[in-house]
Amino acid sequence: MGDVFYRFEEELKEQSNVNNRYFLHGVLKHYYGEELIFARDKVSKASCEIMSTNKILENFLMDQGVPVEKERIREQFPGWTEVMIVNSEVVNKNIISWGNGGLTCAKLIEITETDKKEFHNAIEAELEELNGYCTAMLIYKKLQLKMNSFYKKNRIKNYVNLFYVLEHLFEDIYYFRMPHILKEKQDKQFTTIDIIIKTIEDRK
């Protein structure tokens, strides 16, 4: 409903006393309650399924075919709040971050089992060498030549992009916190310096 209101906001204010999305929701429900289906802040044709915000966003990202900046998402859905976008990312595993506020659809990532195995082996090797710790930057550089075609076709331009792809692929195996990839979740908050010190101590 927010999208409808913001698209026609100027006309509504000039030609009526409808001055917010909730007022518009009530007016439309009053006049078209028999023809349309109304839910909380949503309206659809009776023959259409009411989709959740996160599903709408997933479909939009899929249709774009490339990672999308949040500014573009806000332009497309002017009635959406930042919380709505963030919550969509949290509840929908097909929506993944792309760094710098961008989002993409996981279904757009072209990856084979061989590709996945390459990344898994690279992570395991780094974790073994660094006592349960590595970073997306290390993996990005280590496989930059070997996985160059994978990087290109999936528009992975830096380790930040790769971090979110790896998190999507292996979140059930490793603990991810940008840019860190750990064998196990830490009991307390940590910094990069904490990790470096622990790695040095573990090697003694």
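**View 1. Helices α7 and α10 cross in this predicted model.** The axes of α7 (residues 113-129) and α10 (residues 159-170) come within 11 Å and cross at roughly 100°; axes here are lines fitted to C-alpha atoms over the stretch in contact, with angles running from 0 to 180 degrees between N-to-C directions. The two helices are therefore roughly perpendicular, the label for 65 to 115 degrees. On the α7 side, look for Lys116, Phe119, His120 and Ile123, which meet Leu162, Leu166, Leu169 and Phe170 of α10 (contact: heavy atoms within 4.5 Å).

**View 2. A closer look at α10 and its surroundings.** With 12 residues, α10 reaches 16 Å from its first C-alpha to its last, close to the 16 Å expected at 1.5 Å a residue (1.5 Å times one less than the number of residues). Its buried residues (under 20% relative accessible area, 1.4 Å probe, protein chains only) include Asn161, Phe163, Tyr164 and Val165. Besides α7, the buried residues of α10 pack against α8 (136-142), α9 (148-153) and the strands β3 (95-99), β6 (175-177) and β7 (180-182).

View 3. Of the 204 residues, 37% are buried.

Residues are numbered from 1 along each chain as its sequence is written. Local features need pLDDT of at least 70, side-chain atom pairs count only at pLDDT 80 or more, totals for chains, interfaces and linings use all residues, and side-chain values use heavy atoms, without hydrogens or water.

Key
Buried < 20%, exposed > 50% of the residue type's maximum accessible area, 1.4 Å probe, protein only. Helix = DSSP H or I, 4+ residues; strand = E, 2+ residues; numbered from the N terminus. Parallel < 35°, antiparallel > 145°, perpendicular 65-115°, else oblique.
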